[in-house]
Amino acid sequence: MENQSISWDTTQILDNTIEGIMIIEDGFIKDVNKSLLEILQYTNKSDLIGNLAVGVLMPTLTKKFIEFNTVLFQEVSLLTKEGTIIPAIIKIKDITLNNQEYKMVSILDMTEIKEKETLLIESAKLAEMGEMISVIAHQWRQPLSSISSIVTRLIMKTNMKSLSPELLIEKANEINKYLQYMSKTIDDFRNFFTPTKSKELVSLNEIVSNTQHIIEKTFELKGIELEIEDQKLSRQYLYKNELSQVILNLLNNAKDALLENNIKSPKVSIKFKENDKLQYIFIEDNAGGIKEEIIHKIFEPYFSTKDKKNGTGLGLHITKTIIEKHSNGKIKVSNTKDGAIFEITLEK
């Protein structure tokens, strides 16, 4: 049986791709495929053809960018007909049709992927709740014990008819102080586990300080010194709770490594650096470092240096996702003489 060529309907093929396709000439939209109409929630091509491409590929791309770059992969935002902004990845390529030069933009809708990333991050937070509840118990035990002692003393004084108004006021103020401390503890944890929908104007120092309040009691109980450099950084718009999760995860990993290796004088230090364009945070421990044969794998999903009981292998992968995909930053790790150091870089 002879092989027969198939007559392809190119338009039908392009209309059924997973990617949206846009043809641009001099910054203006000349044509689009059906997939792009569906992504952008338009019904007719005529609603888009003739418009500036930056009206759709915004706000990260400019007209000049589209006109003069040839091939590139880039995360952008798309503006739908209803005004919704959705994430996407695009590739721009020069093409020639009927002796005319155009730009072909391939567009992949990242909404579902981003939603799954968010769910993964929230799942990681839930996985940490067991340990966090244990931390709350430790932080509450001492003030509850103190309140109990104060109440017992007041009852005893009352029974002995020796309770003065001055002593009652003094002890009531002490109880109020302990209750305020406990209330603040709950607020710290509640804020940490609240999903962040928008960026907040905050400094890295504030984020580290908030995280310190959550974990410092655990470090004290384990005899681990936590040293934080006293350096103020400028504020910028950041996903506060997500970055708190990053810091908490790195500190918990350092704590586990210090305890596992039975370090005699365990210590974790946090330092900062800033210039006109970038901010840095360095988290260093003296736990002996990460084995050279695995250090390049630690950010991979489901890779863990812990046993199955104590590690899911997702913590550092999620940390990398938050830093690189949600915060427009970078994270890397290296060994020092005494341990490991994680370096986080954020663009200002």
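How many aromatic pairs does the count come to? The count comes to two, where rings of Phe, Tyr and Trp (its six-membered ring) pair if their centres lie within 6.5 Å. A few notes on these and their surroundings follow.

1. **Ground rules.** This is a predicted model, in which local features need pLDDT of at least 70 and side-chain atom pairs count only at pLDDT 80 or more, while totals for chains, interfaces and linings use all residues. Residues are numbered from 1 along each chain as its sequence is written, and side-chain values use heavy atoms, with hydrogens and water left out.

2. **The stacked pair.** Tyr 280 and Phe 282 have ring centres 6.1 Å apart and planes at 10°, so this pair is stacked (planes under 30 degrees apart count as stacked, over 60 as edge-to-face and the rest as tilted). Tyr 280 is buried at 13% relative accessible area, and Phe 282 is buried at 17% (buried means under 20%, exposed over 50%, partly exposed in between, with a 1.4 Å probe and protein chains only).

3. **The edge-to-face pair.** With centres 6.3 Å apart and planes at 85°, the rings of Phe 299 and Phe 342 are edge-to-face. Phe 299 lies in the loop between S10 and H8 and Phe 342 in strand S12, so the pair ties together parts that are 43 residues apart in sequence (helices, H or I of at least four residues, and strands, E of at least two, are DSSP runs numbered from the N terminus). Phe 299 is buried at 12% and Phe 342 at 9%.

4. **Lysines over rings.** Lys 273 lies over the face of Tyr 280, 4.8 Å from the ring centre, and Lys 320 over the face of Phe 299, at 5.4 Å. Here NZ of Lys or CZ of Arg must be within 6 Å of the ring centre and within 35 degrees of the ring normal.

5. **The cores.** Phe 342 is also among the residues with the most contacts inside the largest nonpolar core, which has 40 residues (a core is a set of buried Ala, Val, Leu, Ile, Met, Phe, Trp, Tyr and Cys residues joined through side-chain atoms within 4.5 Å). Helix H7 (240-260) is one of the elements that supply at least two residues, and H7 gives the most, with eight. A second, separate core of 21 residues includes Met 22.

6. **Strand S1.** All six residues of S1 (20-25) are buried. Met 22 stands opposite Val 32 in S2, whereas Ile 23 stands opposite Met 104 in S5.

Methods:
Pairing = 2+ DSSP bridges.
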